[in-house]
Amino acid sequence: MTATVPYRVEVVTNPTAVAGVLAKLHVSCFAGSPQDTWSDCAISTLLNTPGTIGLIALGSKEEAIGFIIGRAVADEGEVLTLCVSPASRRHGVATALVGQLREYLFSHHQIFLEVAITNRAARDLYQSLGFQEVGRRTAYYRRGGKSVDALVMASGRSDGPGRLLKKHMN
Ligand SMILES: CC(C)(COP(=O)(O)OP(=O)(O)OC[C@H]1O[C@@H](n2cnc3c(N)ncnc32)[C@H](O)[C@@H]1OP(=O)(O)O)[C@@H](O)C(=O)NCCC(=O)NCCS
């Protein structure tokens, strides 16, 4: 981490209201792989689905600088997308988002995600957070007309469900 930037992380409570902002941020974050970007409609639909949670990082002017979407599936969790604006990178924002997702959604459950084998930044991030490679999906992504494999990564399992999952189980 090179320096600190002021930001805070909040749960997305009104997906429909913020979906447009999140979609724009997603596009700017995935500029090198536009096929991975999601529309505001897709984001809104996903965030309104039970078991799914969105966390947003807000900068000092209340602007969205990053977000993560995850979901609980049975006793497991999944990171569906994660992005941080280019200007706010290497300040621990993604680390905070993943950390809070674990806390809110499935802090004690195994969390899975897929990452392009060519995405060094994300692979290093997840590794630094304790995720390990558990599999590979061949030709999972398309990049510039070429197929790129996805690594499946998973965090460790411990001994009980996180807060949101507990709520869903009640
Ligand atoms: C991947 C991404 C989310 C990282 O966000 P970030 O806020 O910059 O990440 P952090 O500051 O929390 O980084 C934590 C650690 O991850 C690793 N890391 C992050 N970016 C890295 C990079 N560009 N190169 C190498 N390691 C990197 C480092 O170990 C870093 O710790 P350090 O800064 O102390 O060296 C961001 O680059 C991004 O949005 N990329 C485009 C979208 C994307 O690829 N999303 C993930 C899809 S699976």
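Reader: Before we start, what does "buried" mean here?

Author: A residue is called buried when its relative accessible area is under 20%. Please note as well that this is a predicted model.

Reader: Okay, so how many residues of β2 are buried?

Author: Eight of the eight residues of β2 are buried, so this strand is largely enclosed by the rest of the structure.

Reader: And which way do the residues of β2 point?

Author: Thr 52, Gly 54, Ile 56 and Leu 58 point one way from β2, while Ile 53, Leu 55, Ala 57 and Gly 59 point the other way. The residues of both groups are buried.

Reader: Which strand does β2 pair with over five bridges?

Author: That strand is β1, and the pairing is antiparallel. Within β2, Ile 56 has Glu 10 standing opposite. Strand β3 also runs antiparallel to β2, joined by seven bridges. The bridge partner of Ile 56 in β3 is Phe 67.

Reader: What sits between β2 and β3 in the hairpin?

Author: Four residues lie between the two strands. Glu 62, in the turn, has a positive phi of about 70 degrees.

Reader: Zooming out, what is the strand order in the sheet?

Author: The sheet is open and has seven strands, in the order β1-β2-β3-β4-β5-β7-β6, with mixed pairing. Its edge strands are β1 (7-11) and β6 (132-143), each of which pairs on one side only. On average, neighbouring strands are turned by 25 degrees against each other, direction ignored.

Reader: Where is there a parallel pair?

Author: Strands β4 (residues 76-84) and β5 (residues 111-116) run parallel and are joined by two bridges. Gly 77 has Ile 111 of β5 as its bridge partner.

Reader: New topic: which strands do the helices α1 and α2 lie across?

Author: Helix α1 lies across β2 (52-59), β3 (64-73) and β4, at about 100 degrees to β3. Helix α2 lies across β2, β3 and β4, and runs at about 45 degrees to β3.

Reader: How do α1 and α2 cross?

Author: The axes of α1 (residues 15-29) and α2 (residues 40-47) come within 8 Å and cross at roughly 140 degrees. That angle makes α1 oblique to α2. The crossing of α1 past α2 is right-handed.

Reader: Which residues make that contact?

Author: From α1 they are Pro 15, Thr 16, Ala 19, Gly 20, Leu 22 and Ala 23, and from α2 they are Asp 40, Ile 43, Ser 44 and Leu 47. By class, the contact has six nonpolar, three polar and one charged residues.

Terms used
Residues numbered from 1 in each chain as written. Predicted model: local features only at pLDDT ≥ 70, side-chain atom pairs only at ≥ 80, totals over all residues. Heavy atoms only, no water. Axes fitted to C-alpha atoms, helices over the stretch in contact; angles between N-to-C directions. Parallel < 35°, antiparallel > 145°, perpendicular 65-115°, else oblique. Left-handed = near helix turned anticlockwise from the far one by under 90°. Contact = heavy atoms within 4.5 Å. Nonpolar A, V, L, I, M, F, W, Y, C, P; charged D, E, K, R; others polar. Pairing = 2+ DSSP bridges. Buried < 20%, exposed > 50% of the residue type's maximum accessible area, 1.4 Å probe, protein only.
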